[in-house]
Amino acid sequence: MSDGTQRQSMADRVKHELLSRIMDGRMAPGQRIVELHIADEMKTSQGPVREALRELEAMDLIITEPYKGTRVREITPKQIEDAYDVRAVLERLAAVSAAKHFKGNVAALRKQANAVETAARHKNQSAYGHHDVQFHRMIVAAANNRALLRSWEALAYEVRIATRLGKAHVDLLEAQAIHWQVIEALEKGNGAAAGRMLAANVVTAFHPHD
């Protein structure tokens, strides 16, 4: 393996590790990221770490400012609200496009919904958030529209932050019930109904008292 390939391989490893930490909350919004500390921890030079940070900045997950260094991007309530408004539109479109795929073929969705319900019964907010996101992603992916999936995934950071902040005051068992209604509609091939429910569910998740 050439030096350039090894360097890129290490940069990818660093990027994926930091990405995982940001997405699961181990690195919180506003937390500083020090190149030297990451390099020491991952037993590499600062070059691959710098490359990884550039990629994460391009993904809008971190921000670098003069005299302040690099830190995980902070999210404002307005940014989360905007992300949820867009997500509602995307998921409504996805359900309509995915209905043909799911008609009479919802076993995988049921399995994911069961995992969501189990997490709800155990009041496991972390597991609930993980399986809930996977449930929605399955529907978006089944739309077979790369631009749609890419747009939806670009909202992942805001959605995960909102999920961590919001689920503490939500009745998870009540919240998960919508998954079964969506599955029922998709099993019948009714993408329009499933889309309306998904969009309403996304809006309610951000505005629970509206």
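This is a predicted model: local features need pLDDT of at least 70, side-chain atom pairs count only at pLDDT 80 or more; totals for chains, interfaces and linings use all residues.
Buried means under 20% relative accessible area, with a 1.4 Å probe and protein chains only.

Not counting residues up to four places away in sequence, V14 touches I38, M42, T44, V49 and A52; contact means heavy atoms within 4.5 Å.

## Helix 3

Helix 3 covers residues 46-58; helices here are DSSP runs (H or I, at least four residues), numbered from the N terminus. The buried residues of helix 3 include V49 and A52. After helix 3 comes D60, with a positive phi near 65°.

## E158

E158 belongs to helix 8 and is buried, at a relative accessible area of 11%. The E158 side chain makes a polar contact with the side chain of R73, at 2.9 Å. Such a contact is a pair of N or O atoms within 3.5 Å; within protein, one must be able to donate a hydrogen and the other to accept it, and residues adjacent in sequence count only if both atoms are side-chain atoms.

## Basis

Residues are numbered from 1 along each chain as its sequence is written. Local features need pLDDT of at least 70, side-chain atom pairs count only at pLDDT 80 or more, totals for chains, interfaces and linings use all residues, and side-chain values use heavy atoms, leaving out hydrogens and water.

How values were computed: Helices (H or I, at least four residues) and strands (E, at least two) are DSSP runs, numbered from the N terminus. The expected span of a helix is 1.5 Å times one less than its number of residues. Buried means under 20% relative accessible area, exposed over 50%, partly exposed in between (1.4 Å probe, protein chains only).
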